[in-house]
Amino acid sequence: MDTDVGRADLRLCWGIKPIDNGEKLNPSSKTTIVTDPSFDPASEASQLYFLKICHQLENPSGEMTTMVRPGSLNCPVLQVHNWLLKNNMTGLPLPADEFITTIADWWYAEGEGGYAGFWYTANSRIEDGVPPSVLTIWVGTSVDWQRPYSEVVKKWNFWEKWLASTNPPPEASNGFHSAGSAWVVMETQLDFKRTAQASLAVSLLLAMVILTLVTHNICLSFLALICISGSVVAFMSCMTIFNWSLSVIESTCMTIVVGMSCDYVVHICALHSSQSTSEKHETRVMESIKLIGPAVLSAAVTTVGAASFLLGCKIVFLSKFGTFVLVTLLSAAGYSLVAYPSWVMLLSSTGLNIDSFSFKVMLKKIFKTTTASNITYAEQTSNDSLSDSPPSADGPSQIQEEDIHS
């Protein structure tokens with residue numbers, strides 16, 4: 001990887017299998033190289049194939065012009081071809097046995113002491129007259145491994161599609177590409193993204209359940225959940241503004257952002273729901289702000305003041321975490337002290353009975369509806385039984401006065 005400019009070098013590989021046979025839970029256990037026995041770089045079809053893709057990389061066109069750094073190609077097959085032409089010999093393709101000996105001649109004349117791109121196993125050498133076991137082609141790309149996942153994955157998709165569209169012969173059909181740590185970082189960011197999304201979903205769901213159990217009111221719990229979600233959106237917006245990629249720091253912050261932003265609104269919402277229902281909601285929510293608002297504001301000011309010193313740190317984790325605390329707590333305090341009471345007053349002014357969403361009222365409605373349904377069903381059953389009974393021989397039965405009293 002070219003660390004000076006943040007760009008990754010792409011390696012196109014044939015002859016080895018992209019597998020990891022090491023212990024996955026043991027970082028010190030490394031994989032072993034497994035060669036591909038079907039790979040044959042000496043066939044004339046393979047030589048023409050590698051020449052074709054090397055020419056495409058050397059003289060890019062279309063979208064590839066933005067993907068390849070000019071003059072960065074290192075293709076051993078193209079180097080052998082140019083060496084033959086420079087020495088007034090027939091270029092590639094050559095017969096398989098002649099191609100193998102030509103590689104050795106070129107290596108001793110031009111490649112010894114430098115990069116070859118042809119690799120042999122531990123049991124074979126270039127002088128043994130056997131084809132190389134592995135072939136690699138290097139090319140500098142515009143892939144910036146420090147960019148966010150959404151940008152890097154587009155370039156990964158481009159190279160995937162391009163390699164699949166090159167129509168390799170059967171003996172060179174198992175090629176793959178690697179970009180050092182660039183693709184590893186990309187996959188890591190994807191794992192961070194999935195983890196952060198799952199953490200946010202579970203945290204918000206758990207917050208809604210706890211708020212409902214504390215306030216006994218679904219409407220107030222939903223308003224508090226909107227306040228919490230607003231703080232989450234505020235932090236994610238700052239990540240976009242500051243152009244942060246999703247790494248360990250950002251994923252950790254997104255995991256705990258719900259817990260950091262729910263504290264203030266939970267206190268106000270719980271106090272609001274515990275007030276007497278004889279008062280209007282406008283009065284109750286303002287009384288809650290008067291009672292606990294100063295404590296919430298003081299907690300926000302002291303925490304934000306302490307976290308502001310982290311902004312000057314040189315360590316990236318500390319400076320980013322300080323930004324996270326500032327954004328999350330300031331937005332949480334704003335939503336709790338301003339947005340939440342405003343939404344309660346707005347709903348009350350529209351005539352909505354917020355108390356009708358409380359557990360007590362909802363259970364009464366359910367019980368009343370169930371009881372009424374049972375009475376209706378019993379009356380219907382009684383009427384059906386009376387209509388089905390046969391009339392008396394003496395005529396219609398007379399209702400006695402004592403029956404009415406009974």
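1. His 216 is partly exposed in this predicted model. Its relative accessible area is 44%. The residue sits in the loop between α5 and α6.

2. Asn 167 is another backbone point to check. Its phi is near 55°, again positive in a residue other than glycine. The loop between α4 and β4 (176-178) holds Asn 167. Is Asn 167 buried or exposed? Asn 167 has 62% relative accessibility, so it counts as exposed.

3. Look next at the peptide bond from Leu 92 to Pro 93. This bond is cis, with omega near 10°. Pro 93 lies in the loop between α2 and α3.

4. Now the overall make-up. The chain has 12 helices and 4 strands. Of its 406 residues, 39% count as buried. Consider contacts between residues at least 6 apart in sequence: 68% of them join residues at least 24 apart.

5. Nonpolar side chains tend to be buried together in soluble globular proteins. Here the largest nonpolar core has 49 residues. Which of them touch the most other members? They are Trp 14, Phe 50, Phe 118, Ile 137, Trp 159 and Trp 183. Two or more residues come from each of β1 (7-14), α1 (44-58), α2 (76-86), α3 (96-111), β3 (134-144), α4 (149-164) and α5 (181-215). The largest share is that of α4, with 7 residues.

6. Phe 50 deserves a separate look. Set aside its neighbours within four places in sequence. Phe 50 is then in contact with Trp 14, Phe 39, Pro 41, Cys 75, Val 77, Leu 135, Ile 137 and Ala 172. A second, separate core has 45 residues, including Leu 200, Leu 220, Val 258 and Ile 354.

7. The axes of α6 (residues 218-241) and α8 (residues 263-273) come within 10 Å. They cross at roughly 165°. Angles over 145 degrees count as roughly antiparallel, so α6 is roughly antiparallel to α8. The crossing is right-handed. On the α6 side, the contact is made by Leu 220, Ala 224, Cys 227 and Ile 228. On the α8 side, Val 265, Cys 269, His 272 and Ser 273 take part. What is the division of these residues into nonpolar, polar and charged? There are 6 nonpolar and 2 polar residues, and no charged ones.

Note on methods:
Residues are numbered from 1 along each chain as its sequence is written. This is a predicted model: local features need pLDDT of at least 70, side-chain atom pairs count only at pLDDT 80 or more; totals for chains, interfaces and linings use all residues. Side-chain values use heavy atoms; hydrogens and water are left out. Axes are lines fitted to C-alpha atoms, for helices over the stretch in contact, and angles run from 0 to 180 degrees between N-to-C directions. Angles under 35 degrees count as roughly parallel, over 145 as roughly antiparallel, 65 to 115 as roughly perpendicular and the rest as oblique. A crossing is left-handed if the near helix is turned anticlockwise from the far one by less than a right angle, and right-handed if clockwise. Contact means heavy atoms within 4.5 Å. Ala, Val, Leu, Ile, Met, Phe, Trp, Tyr, Cys and Pro count as nonpolar, Asp, Glu, Lys and Arg as charged, and the others, Gly among them, as polar. A nonpolar core is a set of buried Ala, Val, Leu, Ile, Met, Phe, Trp, Tyr and Cys residues joined through side-chain atoms within 4.5 Å. Buried means under 20% relative accessible area, exposed over 50%, partly exposed in between (1.4 Å probe, protein chains only).
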